[in-house]
Amino acid sequence: MKLIYNFYMIECVSEAIVLGWENLKEQDRRVFLFTRDYGKISAKATSAQKSVSKLAAHLEPFNLITVRLVSKKDVFDAGGFHLTDALLIDSAGGLKSDAGQLKNALQVYDLINRSIPEGVPDGRLWEILEDVRGKKESYRLADALRLLGFDISYAVCELCQGVKPEYFFPKNNFFVCGHCKFASGGKDLISII
Ligand SMILES: [Zn+2]
């Protein structure tokens, strides 16, 4: 990671794994990255929804890229980063052509993306993301939850303390049962059965 500070702007170049993205208005996209040195960072990629966008192809989940980010605010002020350039290092072609493992891997990446805070470096998590994208290890959702510190076998519903909860609420990091699900995260819940 290279950091350049000047009077009003911070620029950094880092190796990063793409966790996912969401569409924003005006054909922009918010890209969720896990960088080797600074952990999760979300950054806005201007016009990345356009079919002619050269950036978009590099910003698919599981890609390992070198990314250039600029911020006019404090470094980890959420939403402050703009993604200005990305170079593809490896596209995880083996995983993407394996439909069975790809489904698990998408669930694991989605869970990790939605559960972890921004700006917290984690070498072990980087290794896990590398193992998943390189098919060295095939983690299922329950494995990923355990790695994040949430063991399904001991889980109870956060609201009623019932055993065998069916959902995980990534934003607040707790389990919830089918009866209580509408009182908590609603559509943001991840089904774990
Ligand atoms: Zn409950």
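How many bridges join strand E5 to E6, and do they run parallel or antiparallel? Eight bridges join strand E5 (residues 64-71) to E6, and the two run antiparallel. Keep in mind that you're looking at a predicted model: local features need pLDDT of at least 70, side-chain atom pairs count only at pLDDT 80 or more, and totals for chains, interfaces and linings use all residues. Residues are numbered from 1 along each chain as its sequence is written.

**The overall layout**

- The protein chain has five helices and nine strands; helices (H or I, at least four residues) and strands (E, at least two) are DSSP runs, numbered from the N terminus.
- Starting at the N terminus, the elements go β-β-β-β-α-β-β-α-α-α-α-β-β-β.
- Of the 193 residues in the protein chain, 27% are buried. Here "buried" means that 20 or more other C-beta atoms lie within 10 Å of a residue's own, "exposed" means 12 or fewer, and "partly exposed" is in between, with C-beta atoms placed from the backbone.
- Take the contacts between residues at least 6 apart in sequence: 48% of them join residues at least 24 apart. Two residues count as in contact if their C-beta atoms, placed from the backbone, lie within 7 Å.

- Strands of a sheet pair through backbone hydrogen bonds, either parallel or antiparallel. In this briefing, two strands pair if DSSP finds at least two bridges between them.
- Strand E3 (residues 29-35) and strand E4 (residues 39-45) are antiparallel partners, with seven bridges. They make a hairpin with three residues between them.
- Ala 43 has Phe 81 in E6 as its bridge partner.
- Ser 71 lies in strand E5. Ser 71 is partly exposed because 18 other C-beta atoms are within 10 Å.
- Ser 71 and Ile 10 sit 61 residues apart in sequence, but their C-alpha atoms are 5.1 Å apart in space. Not counting residues up to four places away in sequence, Ser 71 touches Ile 10, Gly 80 and Phe 81.

**The three-strand sheet**

- E8, E7 and E9 form an open sheet in the order E8-E7-E9, with antiparallel pairing. Strand E8 (174-176) and strand E9 (190-191) are the edge strands, each pairing on one side only.
- Strand E7 (residues 167-169) pairs with E9 over two bridges in the antiparallel sense, and Tyr 167 stands opposite Ser 191 in E9.

**The nonpolar core**

- In soluble globular proteins, nonpolar side chains tend to be buried together. A nonpolar core here is a set of buried Ala, Val, Leu, Ile, Met, Phe, Trp, Tyr and Cys residues joined through C-beta atoms within 7 Å.
- The largest such core has 42 residues, and those with the most contacts inside it are Val 18, Leu 19, Val 31, Leu 33, Ala 43, Leu 83 and Val 108. Strand E2 (residues 10-23) gives the largest share of this core, six residues.
- The core takes at least three residues from each of domain 1 (1-149) and domain 2 (150-193); the domain bounds come from an automatic or database domain assignment.
- Leaving aside neighbours within four places in sequence, Val 108 is in contact with Val 132, Tyr 139, Leu 141 and Ala 144.

- Which residues of H3 are buried? They are Ala 105, Val 108, Tyr 109, Leu 111, Ile 112 and Ser 115. Seen down the axis of H3, these buried residues fall within an arc of 160 degrees, so they line one face of the helix. That arc is taken from the directions from the helix axis to the C-beta atoms.
- On the other side of H3, Ala 99 and Lys 103 are exposed.
- The elements that the buried residues of H3 pack against include E2, helix H4 (123-133) and helix H5 (141-147).
- Leu 145 is in helix H5, and Leu 145 counts as buried because 24 other C-beta atoms lie within 10 Å. Beyond residues up to four places away in sequence, Leu 145 touches Leu 111, Phe 150, Ile 152 and Phe 168.
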